[in-house]
Amino acid sequence: MNPLAFIGAPALMLARTVRASVRHGLSWRECLHQLHETGSRSAWLVMSGMAFFGAVLVTFADSQARKVTGNLPVVGPPYFELLVREFGPVVSALLAAARGGASHSAELSTMSVNEQVEALEMSAGDPYADLVAPRVVAGLVGVPLLCIVGTMAATLSAVATASWAFGVDGTAFMDARFVDGWDVLAGLTKGAGCGLYIPLAAAVAGLSARGGAEAVGEATTRGVVAACFGCLLIAFVVALGFQALGV
């Protein structure tokens, strides 16, 4: 993977999309449709995946707590802070990238291979304003919401696992004594960054597809890989930024 293309291509796609949206306007009906595709149809995957993640994390926390403190509820408040600031947004965004990146890449690459993009341009349409911009808006709104929903699912799963599997006070895993506004801001920043990058990476892969059915599969794979790797990179950069600020 070319690092320059990995960063530069989505940035160029964003610049072209913003310019085209200013020039041609934005279809809010299409934005709502894409928000449904990005958010509603990914909600079950994110919620179920994060619920399992929360249960596994509490199980691991129990094994570690037995070695150090012998008291599982003690790790509840730091667990909740870590979930809000790091794991909740990142894992939820990865799950959203797996589904949303595949959906966007497959749809756009199919349109590109079938020459529907060229037909749109010949009809005085703009692919960036009509196809990419609604997906970017949907990502910016939908992915942070999915991160919130995923974090809540992981928290409730942790409470249930701690209470029923280990017989301790599960509400300790909802203790927000260590959580402050900076933790929430860091989590939302990661969610928004990932929500912006996922559709851009998918659009780069989809609109560059040429050939037949094989090209659609290759573009879908590239879109998903780029979206997932980008989410990890964004989470790392945001974490470093907040660390540099001392918060």
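Colleague: What is the relative accessible area of F53?

Modeller: F53 comes out at 22%, so call it partly exposed (buried is under 20%, exposed over 50%, partly exposed in between, with a 1.4 Å probe and protein chains only). Before going on, a caveat: this is a predicted model, where local features need pLDDT of at least 70 and side-chain atom pairs count only at pLDDT 80 or more, while totals for chains, interfaces and linings use all residues. Residues are numbered from 1 along each chain as its sequence is written, and side-chain values use heavy atoms, with hydrogens and water left out.

Now, the partner. F53 pairs with F87: the ring centres are 5.6 Å apart and the planes sit at 70°, so you're looking at an edge-to-face pair (centres within 6.5 Å make a pair; planes under 30 degrees apart are stacked, over 60 edge-to-face, the rest tilted). F53 belongs to helix 2 and F87 to helix 3, so this contact ties together parts 34 residues apart in sequence. F87 is partly exposed as well, at 30% relative accessible area.

The structure has three aromatic pairs, and another one of them is Y79 with F173, again edge-to-face, with 5.1 Å from centre to centre and 85° between the planes. That pair reaches from Y79 in helix 3 to F173 in the loop between helix 5 and helix 6, 94 residues apart.

Just past the end of helix 2, G70 has a positive phi of about 75°.

T38, S42, A96, G100, H104, G139, V143, G195, I198 and P199 make up the lining. Helix 2, helix 3 (76-113), helix 5 (127-164) and helix 6 (181-207) each give two or more residues to it.

What about the cysteines? The disulfide count is zero (sulfur atoms within 2.5 Å would qualify). C31 is in no disulfide, since the nearest cysteine sulfur, in C147, is 19 Å away; C31 is buried at 5%. For C194, the closest cysteine sulfur is that of C231 at 3.6 Å, which is too far for a bond. C194 is buried too, with a relative accessible area of 2%.

Stepping back to the chain, you'll count seven helices and zero strands (DSSP runs numbered from the N terminus, H or I of at least four residues for helices, E of at least two for strands). Along the sequence that reads α-α-α-α-α-α-α. The C-alpha atoms fill a box of roughly 70 × 35 × 35 Å along the principal axes, and buried residues account for 44% of the 247 residues. F53, as a partly exposed residue, isn't one of the buried ones.

How values were computed
On a 1 Å grid over the protein atoms alone, a cavity is a set of points where a 1.4 Å probe fits but cannot get out, and a pocket is an open set with protein on both sides within 12 Å along at least five of seven lines; lining residues have an atom within 4 Å of a point. Rings of Phe, Tyr and Trp (its six-membered ring) pair if their centres lie within 6.5 Å; planes under 30 degrees apart count as stacked, over 60 as edge-to-face and the rest as tilted.
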